Structures are given as structure tokens and as C-alpha cells.
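Dear colleague,

I am handing over the structure we spoke about, and you will find it just below. After it I set out what was found, beginning with a term that the rest relies on.

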Amino acid sequence: MKNNRVLLKRYVSMVIGVFIISIGIALFKESHLGNDPISALNMRIAEIFGIPYGFQNLLCNILFFLIQFIFGRKYIGAGTFVNGILLGYIVSFFYAILLRNFGPAAEHGLIVQIVWAAVAVVVTSLGVSLYQTADLGIAPYDYLSLGLRDKTKKHYFACRMFTDGICALGTFLTGGLVGIGTLISAFGLGPVVHFFDTHVSEKLIGYTPEGEKEEEARDALKG
């Protein structure tokens, strides 16, 4: 019975996590200080080719899914497809609501924009933590940092900073918007996600993914 309750919590957390991530990305976009790195890169590519962001996000996830399928099949599950297929469209839905009710944040000055970006970091990190901790399949892009952690035995947040940094660089080189929000995301999402993993998501769900257990065990040995 207890295992069934935990499994239900994992599914609920996975779905809620995807929606929270979508809100966070929409908040980044509203700030107009740069999105989280992978979203910023996808938005720029969508602009270059003149295609909707939701469709571009789907194409990018198909590409990353091939890598995940080859090297990280254990991370493929329901969450992989919920996130990979729906995220871009949910972001567009929430962004339209924000824009309709608040207007562009740039009209209200830099301080307001920074507040939007700061809230976006916290919200996005919480969403990523919830759906990753649910351990029901990881989105293709998020697998890159987890797979890198597994291969290198480095901390998750360091691997996340590396993959986000590469995407931020790609956005810059293609002429996309790389702002304060992008840089905060590239170097801040990893540590904040890790914080939520330990202090919120694992306690809320009552479950710790194997990869997280291994990282905690390595930290205990070093200590």
C-alpha cells in the first residue's frame, strides 16, 4: 500500500513539475532578460527558421531523445514524453496569459525585469526538481546533465552548469537574446535544483532516485 502511495505521488509530482517548469520558462520570457539556456536556444532557432516555438522544442527533443535512447534508456519513461512533447505548447499558453495581464516587463523598468527573472529561476528549479525526483522519465535535454553526472561522477549541479553554458553560448553565437536571466539560469539552475531535490522534492514525494543516492553516498565518503 505504501509503495502505491509513493508511486502515485511520483506521477502527480511529475505532471505538476512539468507545468511548473512551463510557468518558469514563461516567466523568463516575460522578463525579457533572456530565457533559461535551452529555451533561449530553441526560441532563437525557431526565429531563424520561422517556425512556432512549440514545434521547434519538439524537434530539438527528438534529436536529444536519440542520444538518450542510445546512452540513457533507464531515464526514459512517461515523464520523457510528457515533458518532451507538451512543454513548448504549455509555455506558449502561460506566456500568452502573462503578456495579456501584465504586458511586457521591459515597459516597467530593469528592477521589475530582474524580479521576474529571479522568480523564474526559483519556479523553474522547483519544477525540474519535482519531475526529476519523481524518476518517471527525464526530458531528453535534462538527460544530458544526468548522463554526464553518471559518466563523470561529478556533482549534478556542475554537469547542469556545463550543459546550460553550452546552450547559452549557442544562443549567443546565433544572435539570440543572452541576458542576465540566461546567465543566472546557466550558472544558478543547477545548485537551486539540487537544493530543492534535497530539501523539498525527496521529502515531499518520499522517494530518492538511484542516481541521487549514489551522489549522496559519494559525498558521504568524501566527508
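In what follows, a residue is called buried when its relative accessible area is under 20%, exposed when that value is over 50%, and partly exposed in between. Please also keep in mind that this is a predicted model.

**Salt bridges**

The structure holds five salt bridges, and I describe three of them here. In the first, the side chains of arginine 160 and aspartate 142 meet at 2.5 Å, N to O. Arginine 160 belongs to helix α7 (residues 156–173) and aspartate 142 to helix α6, so the pair ties together parts that are 18 residues apart in sequence. By the cut-off given above, arginine 160 and aspartate 142 are both buried.

Arginine 160 also meets the side chain of aspartate 164 in a salt bridge, at 3.3 Å from N to O. Here both partners lie in helix α7, four residues apart, which is about one turn of the helix. Aspartate 164 counts as buried because its relative accessibility is 1%, and arginine 160 is buried because its relative accessible area is 4%.

The remaining pair I would point out is aspartate 150 with lysine 74, whose side chains form a salt bridge at 3.8 Å, N to O. This pair links distant parts of the chain, since aspartate 150 sits in helix α6 (residues 140–152) while lysine 74 sits in the loop between α3 (53–71) and α4 (78–102), 76 residues apart. Aspartate 150 is buried, with a relative accessible area of 17%, whereas lysine 74 is exposed, with a value of 63%.

**Cavities**

A search of the whole structure finds two cavities of 30 Å³ or more. The largest cavity has a volume of about 200 Å³ and is lined by 20 residues, with Ile38, Asn83, Leu87, Tyr141 and Asp142 nearest its centre. At least two lining residues come from each of α1, α2, α3, α4, α5 and α6, and the largest share, four residues, comes from α3. By class, this lining divides into eleven nonpolar, six polar and three charged residues.

The second largest cavity has a volume of about 130 Å³, and of the 14 residues that line it, Gln132, Leu146, Arg149, Pro209 and Glu212 are the closest to its centre. Two or more of its lining residues come from each of α5, α6, α8 and α9 (210–222), with α5 giving the most, three residues. Its lining has five nonpolar, four polar and five charged residues.

**The largest pocket**

The largest pocket has a volume of about 260 Å³, and 15 residues line it, of which Lys29, Asn35, Met43, Glu47 and Leu177 are the closest to its centre. Helices α1 (2–31) and α2 (37–49) each supply at least two residues of this lining, and α2 gives the most, with four. The lining divides into six nonpolar, six polar and three charged residues.

Finally, Leu110, Ile111, Ile114, Val115, Val119, Ile180 and Ile184 make a nonpolar surface patch of about 590 Å². The elements that give two or more residues to this patch are α5 (110–134) and α8 (180–205), and α5 gives the most, with five residues.

With best wishes

Methods. Residues are numbered from 1 along each chain as its sequence is written. This is a predicted model: local features need pLDDT of at least 70, side-chain atom pairs count only at pLDDT 80 or more; totals for chains, interfaces and linings use all residues. Side-chain values use heavy atoms; hydrogens and water are left out. Patches are made of residues with over 30% relative accessible area and no salt bridge: like charges are joined within 9 Å, nonpolar side chains (Val, Leu, Ile, Met, Phe, Trp, Tyr) within 5 Å. Accessible areas come from the Shrake-Rupley method with a 1.4 Å probe; for residues, only the protein chains shown count as cover. A salt bridge is a side-chain nitrogen of Lys or Arg within 4 Å of a carboxyl oxygen of Asp or Glu. Buried means under 20% relative accessible area, exposed over 50%, partly exposed in between (1.4 Å probe, protein chains only). On a 1 Å grid over the protein atoms alone, a cavity is a set of points where a 1.4 Å probe fits but cannot get out, and a pocket is an open set with protein on both sides within 12 Å along at least five of seven lines; lining residues have an atom within 4 Å of a point. Grid points are joined across faces, edges and corners, and a volume is the space filled by probe spheres set on the points. Ala, Val, Leu, Ile, Met, Phe, Trp, Tyr, Cys and Pro count as nonpolar, Asp, Glu, Lys and Arg as charged, and the others, Gly among them, as polar.
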